[in-house]
Amino acid sequence: MLDFVQQLVSGIALGCVYGLIALGFVLIYKATEVVNFAQGDLMMLGGFFAFTFIGILGLNYWIGFFAAVVAMAAFGMLAERLVVRPILGYPQFTIVMATIGLGFFLRSVAGMIWGTDDLKIDTPFSQGVLRLGGLVLAHDKLSVIAATLLLCLLLYLFFNKTTLGTAMRASSENMLAAYYMGIPVKRVVAIVWAISAAVATAAGVLLAPITFIHSNVGLVLGLKAFPAAVLGGFGSIPGALVGGVLIGVIESMAGFYLPQGWKDVAPYIVLLAVLLLKPEGIFGLHVRKKV
Amino acid sequence: MSYFRAENLSLHFGGLKAVDSVNFAMEKGEILSIIGPNGAGKSSIFNLISRLYDPTSGRLFFEDQEITHEPPYSIAKLGIARTFQNIELFENASVLNNLLVGRHRHCTSSLWQEILYMPSVRRDEKIHRHKVEQVIEFLDLEPYRDRVISGLPYGVRKVVELARALCTEPKLILLDEPSSGLNVEETTDMSFWIRDMKSELGITVLMVEHDMSLVSRVSDRVIALNYGKVLAMGQPAEVQSHPDVVAAYLGA
């Protein structure tokens, strides 16, 4: 039983990270119907930014964290402006290829600048553990869960209680109508990219003590976050998080209870099963064409 | 000077002249209808005014200000609203929320004021809610206030889209085929509302419409177009009996 709870907590922590990356997928997809395959790489770059601020420049952890998030938000806007906006309106395939290309580009550049070794950041959560009875819970994992909950609350309030958040929801639902309500849609899309990159960075920094920072970290995690987004029903924000946590828990359980090799396959088996039984995903809207 | 004016407006797609040197002007509080066969350039003119297309040449003026190069979102801020032929609503939101989005151009509070939920934000919300309620009453939408758009019949959606345009408190409203898809009774309601928009709210109306009975009932003046060119302009009856207009419709 103790093992089970232990695995559950690590699974949830890992799943929160998948969920945060999936959240970035979903935000951008909802706003622009673009699937950003470089989402994981934005997370990777955010980790390197944080390493630069904290590890190299020696800033305080929280200041470095904040600086990395702000810098990546600006980078997200830049990526949208330079890579995505010029080809908006072209077939989906073009944009998908462009974001895959952006991912390759970011991985190579990160490798050139920061090298190919695993880097680590000393964080206030790197060492400590919380003991509850027989349970031993590492602070780094708990911090991921707590930060994810906090981020979700902030995003929820932002999207539901502010004019800018409402304008974003309106733009994502109907861009044309949003324009004629006086919403500057292009600026809104740029902000969506900024938020996605900022959320990915938060995930990257929180994850730094667990997986370390290297140029391929985003590729691996992005590939796990994608099924998380699909599982939740692409386009649903709560779905992305639930999907992420599910994938994380399944992976963690499979790694512990099943023979070796199942760990990486199990999430995809569950994904296939869910898609067979409920093709729109757990929280997806069921769209039925009226004739 | 006239209230709204299009000067030598042209839109060419390659060799096709969708709009060809169109000139017209509107007075404040006027209802002007644009008629013409399919492909005459009616919707193109709408899309030029609402800044979805850039004109090949020509200029647009509203309240003596040139709007030819304004981005689409600032059109709403200037006081121009539009509806669409195929209805562009926020499908998964309630009628009330759709209308509240229409208030966007009047939202002046900053993000920080909203985060702190300052008294001014609360006061503005009440004003927005009140304005929306006035529009709901004006267009008899009370029974549908909390219904989600995707579950509403076509005729009601058409009215909701008009309501949302009115929530922006426009000075000029562009109606793209307000009666398409409506039954006779709904079209009659629409014609009353269009007249009331002019007489009670003082809104200037520019509309594209195929239903000639609606056009003659509500319009002060009519413009007939064909192949992007103005065929005739004037009183509804006058334009409808103009030989060139008759020829364009009957294909003589």
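**Domains and strands in chain B**

1. In this predicted model, the C-alpha centres of domain 1 of chain B and domain 2 of chain B are 27 Å apart. Domain 1 of chain B is assigned in two segments, 1–79 and 170–252, whereas domain 2 of chain B covers 92–168.

2. Where the two domains meet, 9 residues of domain 1 of chain B are in contact with 7 residues of domain 2 of chain B. On the domain 1 side of that contact, the elements that contribute two or more residues are helix H2 (72–78) and helix H7 (184–199) of chain B. Sorted by class, the side of domain 1 of chain B that touches domain 2 of chain B comprises 5 nonpolar, 2 polar and 2 charged residues.

3. Turning to the strands, E1 (residues 4–13) of chain B pairs with E2 (residues 16–26) of chain B in the antiparallel sense, over 7 bridges. Within this pairing, Leu11(B) has Val19(B) in E2(B) as its bridge partner. E1(B) and E2(B) form a hairpin with 2 residues between them, and Gly14(B), which lies in the turn, has a positive phi of about 60°.

4. E1(B) also pairs with strand E4 (residues 57–62) of chain B, again in the antiparallel sense, and here over 5 bridges. In E4(B), the residue that stands opposite Glu7(B) is Arg59(B).

Key:
Residues are numbered from 1 along each chain as its sequence is written. Chains are lettered from A and ligands numbered from 1 in the order in which they are written. This is a predicted model: local features need pLDDT of at least 70, side-chain atom pairs count only at pLDDT 80 or more; totals for chains, interfaces and linings use all residues. Domain bounds come from an automatic or database domain assignment. Helices (H or I, at least four residues) and strands (E, at least two) are DSSP runs, numbered from the N terminus. Ala, Val, Leu, Ile, Met, Phe, Trp, Tyr, Cys and Pro count as nonpolar, Asp, Glu, Lys and Arg as charged, and the others, Gly among them, as polar. Two strands pair if DSSP finds at least two bridges between them.
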